[in-house]
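Here's a quick briefing to read with the structure open in your viewer. Take a look first, then work through the notes below.

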Amino acid sequence: MNYLNMLAKALYNNVAESSDEFSFHKGDIMTVLERNTQSLDGWWLCLLHGHQGIVPENRLKILVGMYIIS
């Protein structure tokens, strides 16, 4: 089965504050796997450089028309 995932660009640097999060830099492009993951409003499950973690949505901008088919 193919899944369609959106791409998002980091608007700001982010420093992880828990083991579920990951750090990233402004300008990084990541794959959004799930929005409001684990019923956490405002947190998205993303993939970056082979690592998954939750990311605060207010630090990302969805890249319209940019998708990954896996």
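Is His49 buried or exposed? His49 is exposed, with a relative accessible area of 66%. Keep in mind that this is a predicted model.

- Strand 3 covers residues 43–48 and strand 4 covers residues 51–56.
- These two strands run antiparallel, and six bridges join them.

**His49 in the loop**

- You'll find His49 in the loop between strand 3 and strand 4.
- Most residues other than glycine have a negative phi.
- His49 isn't a glycine, yet its phi is positive, at about 50°.
- His49 counts as exposed because its relative accessible area of 66% is over the 50% cut-off.

**The aromatic pair**

- There's one aromatic pair to look for, and it's made by Phe22 and Phe24.
- A pair of aromatic rings is described by the distance of the centres and the angle of the planes.
- For Phe22 and Phe24, that's 6.3 Å centre to centre and 75° between the planes.
- The pair is edge-to-face because 75° is over the 60 degrees needed for that label.
- Phe22 is buried, with a relative accessible area of 9%.
- Phe24 is buried too, with a relative accessible area of 2%.

How values were computed: Residues are numbered from 1 along each chain as its sequence is written. This is a predicted model: local features need pLDDT of at least 70, side-chain atom pairs count only at pLDDT 80 or more; totals for chains, interfaces and linings use all residues. Side-chain values use heavy atoms; hydrogens and water are left out. Rings of Phe, Tyr and Trp (its six-membered ring) pair if their centres lie within 6.5 Å; planes under 30 degrees apart count as stacked, over 60 as edge-to-face and the rest as tilted. Buried means under 20% relative accessible area, exposed over 50%, partly exposed in between (1.4 Å probe, protein chains only). Two strands pair if DSSP finds at least two bridges between them. Helices (H or I, at least four residues) and strands (E, at least two) are DSSP runs, numbered from the N terminus.
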